[in-house]
Amino acid sequence: MICHCKTVTHRCVDRAVREGARTLAQVCRDTGAGQDCGMCVFSVKSEVQASALALGVADPA
């Protein structure tokens with residue numbers, strides 16, 4: 001579980017990146033992560049970067 005407030009898993013973040021989200025803001029918008037307490041934002045950002053690297057897509061900012 002990457003975001004406990006919105007019950008967002010690593011798989012949810014990976015799916016968002018596969019479906020075209022490339023930035024932290026896009027992933028948070030698509031998954032709901034990071035929109036309540038914000039404690040997960042750094043974890044979400046790391047997962048976005050790892051997913052983008054694994055998929056060979058542009059490295060998100």
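Visitor: Which side chains meet in a salt bridge here?

Guide: The side chains of Arg29 and Asp30 do, at 3.4 Å from N to O. Keep in mind that this is a predicted model.

Visitor: How many salt bridges does the count come to?

Guide: The count comes to one salt bridge.

Visitor: Why would side chains pair up like that?

Guide: Side chains of opposite charge can pair when their charged atoms come close.

Visitor: Is Arg29 buried or exposed? And what about Asp30?

Guide: Arg29 counts as exposed, because its relative accessibility is 56% and the cut-off for exposed is over 50%. Asp30 has 47% relative accessibility, so it counts as partly exposed.

Visitor: OK, new topic. What's the story with Glu47?

Guide: Glu47 sits in helix 3. It is buried, yet it has no salt bridge.

Visitor: What does Glu47 touch, then?

Guide: Leaving out residues up to four places away in sequence, Glu47 touches Ile2, His10, Val13 and Asp14.

Visitor: Let's stay with helix 3. Which of its residues are buried?

Guide: Val44, Glu47, Val48, Ser51 and Ala52 are the buried ones in helix 3. Looking down the axis of helix 3, you'd find its buried residues within an arc of 130 degrees, so they line one face of the helix.

Visitor: Why does a helix end up with a face like that?

Guide: An α-helix has 3.6 residues a turn, so residues three or four places apart point the same way.

Visitor: And what do the buried residues of helix 3 pack against?

Guide: They pack against helix 1, residues 10-18, and helix 2, residues 24-31.

Visitor: Which residues are exposed on the other side of helix 3?

Guide: Over there, Phe42, Leu53 and Ala54 are exposed. Phe42 gets that label because its relative accessibility is 69%. Its C-alpha atom is 9.8 Å from that of Ile2, although Phe42 and Ile2 are 40 residues apart along the chain.

Visitor: How does the length of helix 3 work out?

Guide: Helix 3 has 15 residues, 41-55, and at 1.5 Å a residue they should span 21 Å. The C-alpha atoms at its ends are 21 Å apart, which agrees.

Visitor: What follows helix 3?

Guide: Gly56 does, with a positive phi near 75 degrees. Just after helix 1 there's Gly20, which takes a positive phi of about 120 degrees.

Visitor: Since you mention helix 1, which of its residues are buried?

Guide: Val13, Ala16 and Val17 are. They cover an arc of only 100 degrees around the axis, which puts them on the same side of helix 1. Helix 2 and helix 3 are among what covers them. On the other side of helix 1, Arg11 and Arg18 are exposed.

Visitor: What is Val27 in contact with?

Guide: Setting aside neighbours within four places in sequence, Val27 is in contact with Val13, Ala16, Val17, Ala21, Gly32, Val44 and Val48.

Technical notes:
Residues numbered from 1 in each chain as written. Predicted model: local features only at pLDDT ≥ 70, side-chain atom pairs only at ≥ 80, totals over all residues. Heavy atoms only, no water. Helix = DSSP H or I, 4+ residues; strand = E, 2+ residues; numbered from the N terminus. Expected span 1.5 Å × (residues − 1). Buried < 20%, exposed > 50% of the residue type's maximum accessible area, 1.4 Å probe, protein only. Arc of directions from axis to C-beta. Contact = heavy atoms within 4.5 Å. Lys, Arg positive; Asp, Glu negative; His and termini not counted. Salt bridge = Lys/Arg side-chain N within 4 Å of Asp/Glu carboxyl O.
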